[in-house]
Amino acid sequence: MLKNPSTKYRAAKSIGLTDRTWPNATITRAPIWCSVDMRDGNQALIEPMDIPRKLKMFEQLVKIGFKEIEVGFPSASQIEFDFLRKLIDENRIPDDVTIQVLTQARPELIERTFESLVGVPRVIVHLYNATAPVMRRVVLNMSEDEIVQLAVDHAQMFKDLAAKQPATDWTFEYSPEMYSDTELAFSARVIDAVTAVWEPTPAKKCIINLPTTVECCTSNVFADMVEWTGRHIARRDAIVLSIHPHNDRGTGTATAELALLAGADRLEGCLFGNGERTGNLDVVNVALNMYSQGVSPELDFSDIDAIRSTVEYCNQLPVHPRHPYVGDLVYTSFSGSHQDAIKKAFGARKDGDVWEMPYLPIDPKDVGRSYEAVIRVNSQSGKGGISYLLESEYGLQLPRRLQIEFSQAVQRAMDATGKEFTAKDLWGIFEREYGLNAGSKVEYQLATKGEVTEISGTVSVIDQSWSVKGQGAGPIDAWVQGVGEAMGRSIRVLDYTEHAIGQGADAKAVAYVEMRVDDAHTVYGVAMDANIVTASLRAIVSGVNRVPAVNTSPAHETAAS
Ligand SMILES: CC(=O)SCCNC(=O)CCNC(=O)[C@H](O)C(C)(C)COP(=O)(O)OP(=O)(O)OC[C@H]1O[C@@H](n2cnc3c(N)ncnc32)[C@H](O)[C@@H]1OP(=O)(O)O
Ligand SMILES: CC(C)C(=O)C(=O)O
Ligand SMILES: [Mg+2]
């Protein structure tokens with residue numbers, strides 16, 4: 001019988017907000033961002049950062065543009081304390097950046113925290129205690145009244161200790177830990193009790209931070225909670241309403257975005273979502289989502305790979321190749337229909353156009369990526385991707401029917417190896433398929449008599465050569481007639497395209513000739529030469545040689561049929 005362990009869980013209750021406004025709101029500006037990489041991210045690492053790593057992370061966060069950075073939990077360890085002292089004593093905090101530190105609501109921890117902050121010009125000191133029923137009952141063994149008192153007493157302690165260091169510009173932050181699991185009315189009661197002590201004003205606000213310490217409901221329910229709290233807490237105009245999402249349900253980003261719609265002013269999170277368990281909110285994800293909607297996040301991710309490498313170094317954890325906006329594979333399409341659409345959209349795009357690119361939500365160049373990896377070719381790919389790579393890397397603009405023909409050759413090679421093909425691999429197949437290096441030579445002289453062009457010369461392919469004499473409406477027509485006669489083949493040109501590759505002295509012409517050979521095979525011939533006429537004549541030889549002849553020995557195996 002099917003087991004149903006879900007009976008051991010309880011559904012999160014909807015809070016029954018019927019006049020919610022957030023579904024009609026939009027995000028129109030950046031929130032206040034606070035990085036908690038060096039505290040919440042750090043406390044979740046297998047090996048917490050040492051001082052050099054913390055410093056590197058701090059400098060990276062400043063460079064990105066974070067103005068509020070939670071740098072640690074100074075009472076947790078000597079490293080944490082010493083790092084604070086280093087930042088302060090060595091004047092490492094830029095004038096437009098405010099550092100933040102966290103402490104539990106315990107007297108000895110708060111004292112140590114304030115000790116670590118002596119001489120700091122400005123700081124956010126962040127107080128937390130758990131408020132959720134399970135924590136009250138199982139961990140703290142306290143009643144609701146006792147929890148309120150715990151928060152009030154330590155909020156008062158903050159005020160008293162701050163008053164002893166008047167040269168510092170203090171901002172207080174309070175988090176009802178596990179807000180997401182706490183009865184709304186109770187968390188509002190604790191928040192009001194704390195702000196009654198701190199007496200924030202619109203000119204000197206405090207921060208109230210609402211964490212989904214563990215995500216336990218859908219993001220819409222959390223948005224209702226935030227809207228409800230924003231409406232019901234006292235002194236709302238003196239409060240910066242902050243959100244601190246985790247990602248247990250994989251919905252940290254949605255939670256943050258809906259919370260912004262519901263009235264939140266500030267977001268706490270980590271780069272690429274490092275943090276406890278499944279992580280904190282990924283601030284890069286939310287910021288670049290905003291960016292893709294035409295709203296500046298006011299954070300700089302223009303060199304996202306450098307940021308990733310710093311984060312990987314500091315956290316000693318890898319970033320997944322599929323991670324939004326930063327993973328190695330997130331701007332890459334392997335599948336044929338995606339590649340086809342991307343190639344066409346790049347072709348249609350003009351400078352200054354709004355970004356409207358299928359399968360690419362933002363321009364990879366905006367985060368410092370090139371277009372090189374946008375299309376990669378494997379057995380799921382089609383002609384669009386193959387020709388995109390040959391064009392972007394080798395300048396070949398294959399006509400559509402040649403794209404179709406060549407993709408079949410690639411598919412055969414792919415079926416044999418099952419591996420990804422790079423642009424270089426594709427170029428190798430192209431060279432072989434069209435005999436670009438087969439050593440075919442043409443020599444010719446042209447003469448014009450009225451409307452008629454006469455050609456005479458030789459064709460040699462490996463160890464065979466033919467004398468050619470022909471006439472026609474132009475050099476190609478004359479050559480087709482002469483080569484056909486010399487080789488004993490019937491040749492009819494169906495289509496002809498050429499273009500230049502490269503510039504100046506290195507420029508070459510590439511000619512693509514579609515032809516019907518022996519009235520049985522439709523194939524392309526391709527050739528390159530510094531001289532455009534020679535390229536065309538060699539392209540005809542390339543095509544003929546791709547078709548096995550009955551009476552002449554073919555120069556090489558044909559792939560066309
Ligand atoms: C959701 C979050 O991310 S909150 C931030 C969590 N971050 C961290 O914990 C990282 C840094 N922490 C540390 O370095 C350590 O845990 C310290 C220094 C804070 C405390 O260490 P310890 O004193 O050894 O306590 P420890 O963390 O093991 O246990 C928690 C104790 O504090 C108690 N406690 C928890 N919150 C409170 C509170 N607000 N007031 C009083 N006691 C509390 C617990 O009940 C438990 O008490 P018990 O030992 O009597 O059972
Ligand atoms: C301390 C608080 C804000 C926290 O990290 C959490 O609840 O997740
Ligand atoms: Mg947290």
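**Entry 1: a crossover to begin with**

I opened the predicted model and went to a β-α-β unit: strand β5, helix α7 (residues 184-198) and strand β6 together make a right-handed one. I then looked at how β5 and β6 pair, and I noted that they run parallel, joined by 2 bridges. For a landmark I picked Y174, which stands opposite I208 in β6.

Next I asked myself how many residues of β5 are buried. I found that 7 of its 9 residues are, so I wrote β5 down as mostly covered by the cut-off of 20 or more other C-beta atoms within 10 Å.

**Entry 2: along the sheet, strand by strand**

I moved from β5 to its other partner, β4. These two strands pair in the parallel sense over 9 bridges. Here I marked H126, whose bridge partner in β5 is E173.

From strand β4 (residues 122-130) I went on to β3, and this pairing is also in the parallel sense, over 6 bridges. Q104 stands opposite Y128 in β4.

Strand β3 (residues 98-104) has 5 of its 7 residues buried, and I noted it as mostly covered. Which strand joins β3 through 4 bridges? I found strand β2 (residues 68-72), running parallel to β3. In that pairing E70 stands opposite Q100 in β3. Helix α3 (residues 78-89) belongs with these two strands, and the three make a right-handed β-α-β unit.

**Entry 3: the two ligands**

I turned to ligand 2 and listed what surrounds it: D40, L102, Y128, S175, E177, N209, P211, T213, H244 and H246. β5 (169-177) and β6 (206-212) are the elements that give two or more residues to this shell. Sorted by class, the shell of ligand 2 holds 3 nonpolar, 5 polar and 2 charged residues.

How many residues surround ligand 1? I got 16, and the closest are Q43, A76, A105, R106 and N129. Two or more residues each come from α1 (37-43), β4 and α5 (133-140). By class I noted 8 nonpolar, 5 polar and 3 charged residues around ligand 1.

**Entry 4: S381**

I then stopped at S381, in the loop between α12 (336-348) and α13 (383-394). Is S381 buried or exposed? I counted 27 other C-beta atoms within 10 Å, and the cut-off for buried is 20 or more, so S381 is buried.

I checked its contacts too, leaving out residues up to four places away in sequence: S381 touches F334, S335, G336, Q339 and I386. I also looked at H338, which lies 43 residues from S381 in sequence but 8.7 Å from S381 in space, C-alpha to C-alpha.

**Entry 5: the domains**

Last, I stepped back to the whole chain. I noted its division into domain 1 (26-315), domain 2 (336-433) and domain 3 (441-545). The centres of domain 2 and domain 3, taken over C-alpha atoms, are separated by 29 Å. Their contact takes 8 residues from domain 2 and 9 residues from domain 3. On the domain 2 side I sorted the residues that touch domain 3 into 4 nonpolar, 2 polar and 2 charged.

Notes
Residues numbered from 1 in each chain as written. Chains lettered and ligands numbered in written order. Predicted model: local features only at pLDDT ≥ 70, side-chain atom pairs only at ≥ 80, totals over all residues. Domains from an automatic or database assignment. Contact = placed C-beta atoms within 7 Å. Nonpolar A, V, L, I, M, F, W, Y, C, P; charged D, E, K, R; others polar. Buried ≥ 20, exposed ≤ 12 C-beta atoms within 10 Å, placed from the backbone. Pairing = 2+ DSSP bridges. Right-handed = clockwise from strand over helix to strand, strands pointing away. Near = placed C-beta within 6 Å.
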